[in-house]
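Keep the picture open while you read.

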Amino acid sequence: MRRSQVFYGHRYKTTWRPKRFRSVKKFSWRKKLIFFIVLFLILTVVYFLFFSPIFRIKEIKISGNRAITNEEIKNSLDNLLLKKFLIFFNRNNIFLARENDLENILLKDFFRISSIEINKSIFKRTIDLKITERKEAGIFCRGECYYIDEEGVIFEKAPQTSGTLIVSIKDYSQGGVEIGKNVIDEDFMLRLIDLRKSLAEEVGLRVLDFIIEDEDNDLKINTNEGWYILFDKSRDIRSQLDSLRLILTEKIKEDRKNLEYIDLRIENRVYYK
């Protein structure tokens, strides 16, 4: 108790005032109670969202894939969730399956995939994956051979071959290659595809191989007739193709069997042997 003095006339009288212990204790317990209630609510929500089976992924729907099987895709996603969320009881949780993580792991595991559209439904607990796979536009060989798409990206090892069913590109330039990356500029790759088609339709020649030499602009084309054509890949391909068609129709005509090559690399000049 705290002692104080009160003045009465000529004398002082001592009185006692109680300290406020009880109100302080009540306030302290009230704060602790609120803290534990809030903590309990947070833990309950966390358990409800991430630990309970209520939001377990019910179904993964996959469409658009041709060469890659549904089982391979699901195993890849399952391994992602297992590695990333091993501490959780329910690792197949719809909230934990983030779109960016799913896309990154699939693009990393399957170079054949060019793009993925992901739609996730929280309430249905489903994930829809729309896969777009790369299409084989040709076979690219630099040491080893790989399938290549129209964008100039190699995505899978392929057998070494030449023929007329698919574009065959043999690159003798130096440097390594990385699967999933561009080895040929997309514009140049499309020009090769168009050139192969134009030679067949306009000149009646079938391309066996495109040959790219090291550190120059030469493009060599082996034909099904046993002779080859030399293009300058830094110049307009269409104008060189027009020169080829002109020389074949006006000068060489039917006498192709003895041809060794036709050289179109010099502008406004055509050499042949």
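The questions below set values from this model against the definitions behind the words.

Q: What kind of model is this, and how are residues numbered?
A: It is a predicted model, in which local features need pLDDT of at least 70 and side-chain atom pairs count only at pLDDT 80 or more, while totals for chains, interfaces and linings use all residues. Residues are numbered from 1 along each chain as its sequence is written, and side-chain values use heavy atoms, with hydrogens and water left out.

Q: Why is T249 called partly exposed?
A: Buried means under 20% relative accessible area and exposed means over 50%, with partly exposed in between (1.4 Å probe, protein chains only). T249 has 48% relative accessibility, so it counts as partly exposed. You will find T249 in helix 5, residues 237-252; helices here are DSSP runs of H or I with at least four residues, strands are runs of E with at least two, and both are numbered from the N terminus.

Q: How do you know that the side chain of T249 makes a polar contact with R245?
A: A polar contact is a pair of N or O atoms within 3.5 Å; within protein, one must be able to donate a hydrogen and the other to accept it, and residues adjacent in sequence count only if both atoms are side-chain atoms. The side chain of T249 reaches the backbone oxygen of R245 at 2.8 Å. A polar atom of that side chain also lies 3.1 Å from the backbone oxygen of L246.

Q: What makes strand 6 and strand 7 a pair?
A: Two strands pair if DSSP finds at least two bridges between them. Strand 6 (residues 138-142) and strand 7 are joined by 5 bridges and run antiparallel, with I139 opposite Y147. The two form a hairpin with 1 residue between them, and G143 in the turn has a positive phi of about 80°.

Q: How do you know that strand 7 also pairs with strand 8?
A: Strand 7 and strand 8 (residues 154-157) share 3 antiparallel bridges, and the rule asks for at least two.

Q: Why is strand 7 described as largely enclosed?
A: In strand 7 (residues 144-148), 4 of the 5 residues are buried, so the rest of the structure largely encloses this strand.

Q: What makes the pairing of strand 3 with strand 5 count?
A: There are 5 bridges between strand 3 and strand 5 (residues 126-133), which run parallel. E59 stands opposite T126 in strand 5.
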